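Biologist: I would like to go through the aromatic side chains. Please give the general idea each time, then the case here.

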Amino acid sequence: MRRVLSNSMLGMVAALSFSVALCAQTAAPPTEQRNPAAKAESAPAPSRDLTGVWMMRNPPGSQRGFTNYTFTKDPPELTPWAVAKYAEAKASNGGEFTLKTTNDPVLTKCDPPGVPRVYFHPYPFEFVHTPKYTLMLYEYDHMVRRIYTDGRLIPKDPDPLWMGTSVGHWEGDATFVVDTVGFNDKTWLDRLGHPHSDQLHVTERFRRVDKDHLELDITMEDPKALAKPWTTTFYYQLRPNWELGEISCSGDYLDFSNFEK
């Protein structure tokens, strides 16, 4: 069964909010809405296996509207350097700036979102395990991450990349830990424009709590931009009948005439 997505996404991008799409794809059944504690039983998680397509789904009854555009309800503690950089951001998520006046690099240049901003796109991702690495395939713009699991260490002098260089390992049978370094400094951490430098280190802990549910703990550390680590938790649900579609930044829902040169 293939999940069908619309190619007309202008309204969604202009608002920079995916709450409507998220609710449409992940709405809770009536019983669960009446009783947040109600939850369908799920089989135990398979050992050291995240295979499948996952879509964000906040726990029933939770107040996490901020996950449309940032990581926590309260803003992160920034260094003076980052405060100055953040003041330059013209994010369109809050409505103050439009698609014509924003300087969001994803919207004005079609730049890759980077990690961890990629998780704000309202589209699923898929895990594919191989003997030497794990692939993360994101529906948005065909983004691919190769997470090395062959025992190598994090590089000490990595090349600056949009998605960084990732190394992963298992803690026990249910938690996949990913360390990523080697980012360029061209992306925003979130949709509000919080900046980072090339010293950013992102740690992701993918914890499969059962067969159908995944919790993602994210820790961002950047001595140049963040006065202290910025942490958050996102929640995902397995979609066994979904296949990744094709969402491209090549003009499907953006007007290239407005792009910066």
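**Aromatic pairs and charges over rings**

Modeller: By the ring-pair rule the count comes to 14 aromatic pairs. Rings of Phe, Tyr and Trp (its six-membered ring) pair if their centres lie within 6.5 Å; planes under 30 degrees apart are stacked, over 60 edge-to-face, and the rest tilted. The model is predicted, so local features need pLDDT of at least 70, side-chain atom pairs count only at pLDDT 80 or more, and totals for chains, interfaces and linings use all residues. Residues are numbered from 1 along each chain as its sequence is written, and side-chain values use heavy atoms, leaving out hydrogens and water.

Biologist: Why is the pair of Tyr-119 and Phe-125 edge-to-face?

Modeller: Their ring centres are 6.0 Å apart and the planes stand at 75°, so the pair falls in that class.

Biologist: Are these two residues buried or exposed?

Modeller: Buried means under 20% relative accessible area (exposed is over 50%, partly exposed in between; 1.4 Å probe, protein chains only). Tyr-119, at 5%, is buried, and so is Phe-125, at 2%.

Biologist: Which cluster do ring pairs form with Tyr-119?

Modeller: Ring pairs link Tyr-119 with Phe-125, Phe-127, Tyr-138, Phe-206 and Tyr-236.

Biologist: Where does a charge sit over a ring?

Modeller: The criterion is NZ of Lys or CZ of Arg within 6 Å of the ring centre and within 35 degrees of the ring normal. The charged end of Arg-152 lies over Tyr-148, 3.7 Å from the ring centre. Arg-146 is placed over the face of Tyr-133, at 4.6 Å from the centre of that ring.
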